[in-house]
Amino acid sequence: MSERLDRRQFITQVGGGLAAAAIVPNLAGASSWTGRAPVRVGVVGAGRQGRAILGELGKLAGAEVVAVCDADERRLASGLRRVSGAEGFTALGDMLGSSVGLDAVAIATPTPTHKDVAVPAIEAGKHVYCEAPLAHTIEDCLAINTAARSAKGVVAAGLQGRSNPVYDLARGFFRSDSVRDMVSMRAQRHQKTSWVSPSRDPARSKALNWRLDPEVTTGLAGEWGTHQFDVFHWYTGQYPVRVMGHGDIRLHDDGRKVHDTIACTLIFPDGAALQYGATLANSYNGTHELFHGSNAAIKLAWSHGWMFKEADAPTQGWEVYANRQQFHNDEGITLIAGATKLSEQGKLKEGVGLPNTSLYYALENWLGAIAGDHEVACPIGEAVRATAVGIAAHRATRDGVAVDVEMPSL
Amino acid sequence: MCDGGSSASVRLALEAMGARFELVIPCGGDLCDPRTARGAGEEALSLVSEWHDRLSAFDPDSLVSRLNSGAREAPVRVDPELFDLLEAAERIRGQSEGAFDVGVGGVMRSHGFRPGGTGETAGGEAVQGEITLDRGARTVRLVGGAEIDLGGIAKGGAIDGAMALLREAGVRSALMHGGTSTIAGMGAPPGAGAWTVRLGEGGEAPRVHLRDRSVSFSSSRPGGVEHVMDPRTGEPVAGVLAGACVGASALQTDAWATALMVRGERPQAMPGDLTSLLHTPGGWRIEGPDQGRIELGTQEVCL
């Protein structure tokens, strides 16, 4: 843990304001766009994720969606229905060469096409936000990274944990020694869904169902796991060196070749292990990441976060003010967004979480970086590393073998 | 509801817009395969979820909530989907002579049906103000006390969108409902000519046969609470036991079921392709082109 601070250092740096303020994630910036022209954004890909990006950009004062691009005309039409005054394009080149006055491009196309969108957009001088995983091969990741290194604009990847206020808050505790000695790490994503996008047109069906195409998919480990693995990279400052995996089809026995349920173990250089499971067959306990330490455990669930302290862990002053939530035999200290304000308003209650989605904060962070307010939370280099881990984990679970993680040289 | 005895069907559900949405897609034979049915059904429910995120009056960060806070000072440009929905709602408001009004948000809140209200109002405050739409500029402006609440139309609109997605994916038979108040039937279940649903309880409740049709049902006391407000008076509706509407569009039937309940009669300007059903202490009154699809009887049907 190269970036780890000891508790004394942390308290010195945070100072006497540790009490209530320490449980308040930084939500500043949400309304800090006054007086500046919005960034003119084109969204490429108008499927479910693209429409989600359109929705979140619509909430941000710093963005104006001026173009939507999708090769699938039906998806393009549905995307255009969700945005006010944008022009539609079915070809990226047409959008980049148009006169809509594009400043930036947000990419939500299928993973195997990210490079073909990101590189031209970066080379056209646009700011780029690219969804993660960054690509389906290391070669494509490196091509995007090479373009990003000479980019005129701000290039960010959509590993959303890094810009999530609750995750940022919890990382402060993790690095302050609240967790103490790392015991183990666990994460899961459980969602009962099929990943099937039906279409009567065979060519369109193949294009829509790329996640179930063994030739190009990165499977559950790549498509979902990459986002979660990156949280552990960001917290620990390490990347796994080896992955052992297993996968199976437990529910969707519909002729697919891609596993609907996987489990894998990622081994980090210091010997710590991350156990990861993902399934399309069950939704229990949803999506979360867990850090087990000798003083406490931290559970993160994207809009929410909790700390579970050991009985013999030292007491910290701010705990007196904290909201708590019971989970069977364990009591979690809620890591709440805006705790002080909520408390003043009498709204501090169980289950309260972030007011916006992780995607919102990721896009807000990107726009803030474009405005020069700060650096991007997730630069492309980190997305290359996380994607490399995701691809290795996919190979391990697909083939039921142990795979050494080959971290590309950046 | 009956599924015609089909054992091979995909059933999916979702909580959204303060209601449970359920979807049944029969599979096999001439119908679609289970893989297509599940994938299409998931996309359809995902669309409902998107509508919830955008339009919910319960979510302070939804598009509608932000419109309510931002469209008072100046016109706000909105996306085509929301504009079309508001335009349809305003058209029905005019046709129903104010019996259906999506500007009723403040009234709903003051009666405790939406966040921020105490539920202790004495009532009697009609919707004050209006929603001004400019199609050329595609803008919305709220004038006076109008506050948008799409609770009377959004479920129907979402179901229309979901059914269109299912058709596009190759589904030919499906039944979908939102909170059991709006129900859409596509095609027919295996072995039957149509989907049959019963409106309300009791042996005399009408049975409606749906084949590429929707029905919406509004009654005065779900759970013992008067929840249908007359936008013209701000008071809960009284005198009519239930209103229902049958038609090709769930958006239309959803809104008109409420309008009928409030009016207590079929307005002259109600579109002729919609069938109205009104339940008063005197019995059921049914008018419109789908009368042949509706039965009043005592026979029990499967639910």
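A:Arg51 and B:Glu50 form a salt bridge in which the closest N and O atoms are 2.9 Å apart; a salt bridge is a side-chain nitrogen of Lys or Arg within 4 Å of a carboxyl oxygen of Asp or Glu. The pair joins two chains, because A:Arg51 lies in helix H3 (residues 48–57) of chain A and B:Glu50 in helix H1 of chain B. Helices (H or I, at least four residues) and strands (E, at least two) are DSSP runs, numbered from the N terminus. Both A:Arg51 and B:Glu50 are buried, where buried means under 20% relative accessible area, exposed means over 50%, and partly exposed lies in between (1.4 Å probe, protein chains only).

The model is predicted, so that local features need pLDDT of at least 70 and side-chain atom pairs count only at pLDDT 80 or more, while totals for chains, interfaces and linings use all residues. Residues are numbered from 1 along each chain as its sequence is written, chains are lettered from A and ligands numbered from 1 in the order in which they are written, and side-chain values use heavy atoms, with hydrogens and water left out.

B:Glu50 has a further partner in A:Arg82, with which B:Glu50 forms a salt bridge whose closest N and O atoms are 2.8 Å apart. A:Arg82 is buried, as is B:Glu50. Salt bridges that share partners link A:Arg51, A:Arg82, B:Glu50, B:Arg54, B:Asp79 and B:Glu81 into one network. Side chains of opposite charge can pair when their charged atoms come close. Between chain B and chain A the count is 9 salt bridges, and over all chains the count comes to 40. A salt bridge within chain A joins A:Glu56 and A:Lys59, with the closest N and O atoms 3.3 Å apart. A:Glu56 is buried at a relative accessible area of 8%, whereas A:Lys59 counts as partly exposed at 24%.

The contact between the chains (heavy atoms within 4.5 Å) takes 27 residues from chain A and 25 residues from chain B. The area buried between chain B and chain A is about 2,100 Å², and carbon and sulfur atoms give 41% of this area; buried area is the accessible area (1.4 Å probe) that two parts lose on being put together, summed over both. Of the area that chain B buries against chain A, 28% is supplied by B:Arg35, B:Glu43 and B:Glu168, more than by any other three residues.

Across the interface, 14 residue pairs of chain B and chain A are in polar contact, with both residues at pLDDT 80 or more. A polar contact is a pair of N or O atoms within 3.5 Å; within protein, one must be able to donate a hydrogen and the other to accept it, and residues adjacent in sequence count only if both atoms are side-chain atoms. On the side of chain B that touches chain A, helix H1 (34–55), helix H3 (80–95) and helix H5 (154–168) of chain B are the elements that give two or more residues. H1(B) gives the most, with 12 residues. By class, this side of chain B has 15 charged, 6 nonpolar and 4 polar residues. Here Ala, Val, Leu, Ile, Met, Phe, Trp, Tyr, Cys and Pro count as nonpolar, Asp, Glu, Lys and Arg as charged, and the others, Gly among them, as polar.

Two further residues of helix H1 of chain B were examined. B:Arg38 is found in this helix and counts as buried at 19% relative accessibility. Leaving aside neighbours within four places in sequence, B:Arg38 is in contact with A:Ser194, A:His252, B:Val10 and B:Leu12. B:Ser46, also found in helix H1 of chain B, counts as buried at 15% relative accessibility. The side chains of B:Ser46 and A:Arg48 are joined by a polar contact of 3.3 Å.

Among the 80 residues of the largest nonpolar core, A:Leu57, A:Phe291 and A:Trp366 touch the most other members. A nonpolar core is a set of buried Ala, Val, Leu, Ile, Met, Phe, Trp, Tyr and Cys residues joined through side-chain atoms within 4.5 Å. Helix H12 (residues 358–370) of chain A gives the most to this core, with 9 residues. Not counting residues up to four places away in sequence, A:Leu57 touches A:Val41, A:Val43, A:Ala63, A:Val65, A:Leu363 and A:Leu367. A second, separate core of 66 residues includes B:Cys27, B:Val48, B:Phe100 and B:Met261.
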